[in-house]
Amino acid sequence: MTQEDIEKGRNNAIISYFTIFGVIIAYFLNNEDHKKSAFASFHIRQSLGLWLTFWALGYIIGSFDSWLVTSSFYIFFAVLFIYGFINAIGRKTQSVPLVGAFYQKLFANLGN
């Protein structure tokens, strides 16, 4: 990944962390022929995995009637989203802890 590629895809990488709609917008912006960026694709895969996991587990966690469980869930995902967002701003391709490598394998064909 070159510095030029990182600069070209940085905005799309940052956009991808703003809601699930940000992921969709960043995906389509990144798939334009002249703007395709491996850096943006990396962060789109990360944020898509985080959002899908957040919604899937959030549905299950929502059935618990415990503020401790739900607040722990939100704090956990907030930390992961902030970690990914800071890496996108800092021009780094570090996977989010615990699940980032899995997301890269699961969505390997996305954005290539």
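Residues are classed as buried under 20% relative accessible area, as exposed over 50% and as partly exposed in between, with a 1.4 Å probe and protein chains only. The structure described is a predicted model, in which local features need pLDDT of at least 70 and side-chain atom pairs count only at pLDDT 80 or more, whereas totals for chains, interfaces and linings use all residues. Numbering runs from 1 along each chain as its sequence is written, and side-chain values use heavy atoms, with hydrogens and water left out.

The mean pLDDT (the predictor's confidence in each residue, from 0 to 100) of the protein is 90, and 97% of its residues reach 70 or more. Confidence is highest in helix 4, at 94, and lowest in helix 5 (residues 100-106), at a mean of 90. Helices are DSSP runs (H or I, at least four residues), numbered from the N terminus.

Helix 3 (residues 38-61) packs against helix 4 (residues 67-89) at an angle of about 175 degrees, and their axes are 11 Å apart. Axes are lines fitted to C-alpha atoms, for helices over the stretch in contact, with angles from 0 to 180 degrees between N-to-C directions. The two helices are therefore roughly antiparallel, a term applied to angles over 145 degrees. Contact (heavy atoms within 4.5 Å) involves, among others, Phe39, Leu50, Trp51 and Phe54 of helix 3 and Phe73, Phe77, Leu80 and Phe81 of helix 4. The residues of this contact comprise 13 nonpolar, six polar and no charged; Ala, Val, Leu, Ile, Met, Phe, Trp, Tyr, Cys and Pro count as nonpolar, Asp, Glu, Lys and Arg as charged, and the others, Gly among them, as polar.

Leu50, located in helix 3, is buried, with a relative accessible area of 0%. Beyond residues up to four places away in sequence, Leu50 touches Tyr17, Phe77, Leu80, Phe81, Val96, Val99 and Tyr103.

Asn30 belongs to helix 2 (residues 19-30) and is likewise buried, at a relative accessible area of 1%. A polar atom of the Asn30 side chain lies 3.0 Å from the backbone nitrogen of Ser37. The Asn30 side chain also makes a polar contact with the side chain of Ser41 (2.9 Å); such a contact is a pair of N or O atoms within 3.5 Å, where within protein one must be able to donate a hydrogen and the other to accept it, and residues adjacent in sequence count only if both atoms are side-chain atoms.

In the loop between helix 4 and helix 5, Arg91 has a positive phi of about 60 degrees although it is not a glycine. Arg91 is partly exposed, at 33% relative accessibility. Leu98, in the loop between helix 4 and helix 5, has a positive phi of about 75 degrees and is exposed, with a relative accessible area of 74%.

How values were computed
Parallel < 35°, antiparallel > 145°, perpendicular 65-115°, else oblique.
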